[in-house]
Amino acid sequence: MPGELLRHQSALARLDRYATLMDARFRVPGTRIRFGLDPIIGLLPGIGDALGLVLSLYVVVEAVRLGVSKRVLFIMLRNVGLEALVGVVPVLGDMFDIAFKANLRNAALLKSYIEGRLRPTPVRAPRRWPQWALLVAFAALVLAVLLGLRQIFVPLWRGLSN
C-alpha cells in the first residue's frame, strides 16, 4: 500500500502540473482569466484542434493506468470530447477552451477518485441488536418447547403416580 500511495501521489502531482500547463499557466494581465497551451495550440490552423485533443487524452491515458472506474473514465472522455467538439469552431472554440479547462477538470476528477480509493473506510462498530433479537427468539422457542413438554409429561407423571 505505501508503494501504491507513493506512485499515485507522484502521478497526481505530475498530472496536476501538466493540466495547469495546458489550461491555466498564463494570466491575462489585469484580469483573473487564466489560460494554458491548449487554447494557444488550438489557434494553429488545421492541426491545432487535433493536436490539442491528443494532448488532452494524456490525462485520460494516465487515468486508465491508475485504474479509474469506467464511470470516471466516461466523464473524463466526455470532457475531452466536448472541448474538442466546440474547439473546432473558430474563435468561439478557443474562448471555450479558456473557460472550460478539460485538463484541469480531469485532473481534479482523477485526484478525487484516487483520494477516495486510498482513504481508509471507517470501521463501524458491529450492530448487536440482531444478535440480541436472535437470542430472545431462541429463548422464546426453548421456553415454548419446555412448556409444551410440561403439558405432555406432567399429566403422564400424575397418572403413573396414582
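Start by selecting helix H4 (residues 70–87) and helix H6 (residues 102–118): their axes come within 9 Å and cross at roughly 175°. Axes here are lines fitted to C-alpha atoms, for helices over the stretch in contact, and angles run from 0 to 180 degrees between N-to-C directions. H4 and H6 are therefore roughly antiparallel to each other (the word is used for angles over 145 degrees).

On H4, pick Val72, Ile75, Met76, Asn79, Val80 and Glu83; on H6, pick Ala102, Arg105, Asn106, Leu109, Leu110 and Tyr113. Sorted by class, this contact has eight nonpolar, two polar and two charged residues.

A quick note on what you're looking at: this is a predicted model, where local features need pLDDT of at least 70, side-chain atom pairs count only at pLDDT 80 or more, and totals for chains, interfaces and linings use all residues. Residues are numbered from 1 along each chain as its sequence is written, and side-chain values use heavy atoms, leaving out hydrogens and water.

Now zoom out and colour by secondary structure. You'll find seven helices and two strands (DSSP runs of H or I, at least four residues, and of E, at least two). From the N terminus on, they run α-β-β-α-α-α-α-α-α. The radius of gyration, taken over C-alpha atoms, is 33 Å, well over the 15 Å that the globule rule gives for 162 residues, so the chain is more spread out than a compact globule. Turn the view along the principal axes: the C-alpha atoms fill a box of roughly 115 × 35 × 30 Å.

How values were computed
Angles under 35 degrees count as roughly parallel, over 145 as roughly antiparallel, 65 to 115 as roughly perpendicular and the rest as oblique. Contact means heavy atoms within 4.5 Å. Ala, Val, Leu, Ile, Met, Phe, Trp, Tyr, Cys and Pro count as nonpolar, Asp, Glu, Lys and Arg as charged, and the others, Gly among them, as polar. The radius of gyration is taken over C-alpha atoms; the globule rule is 2.2 Å times the number of residues to the power 0.38.
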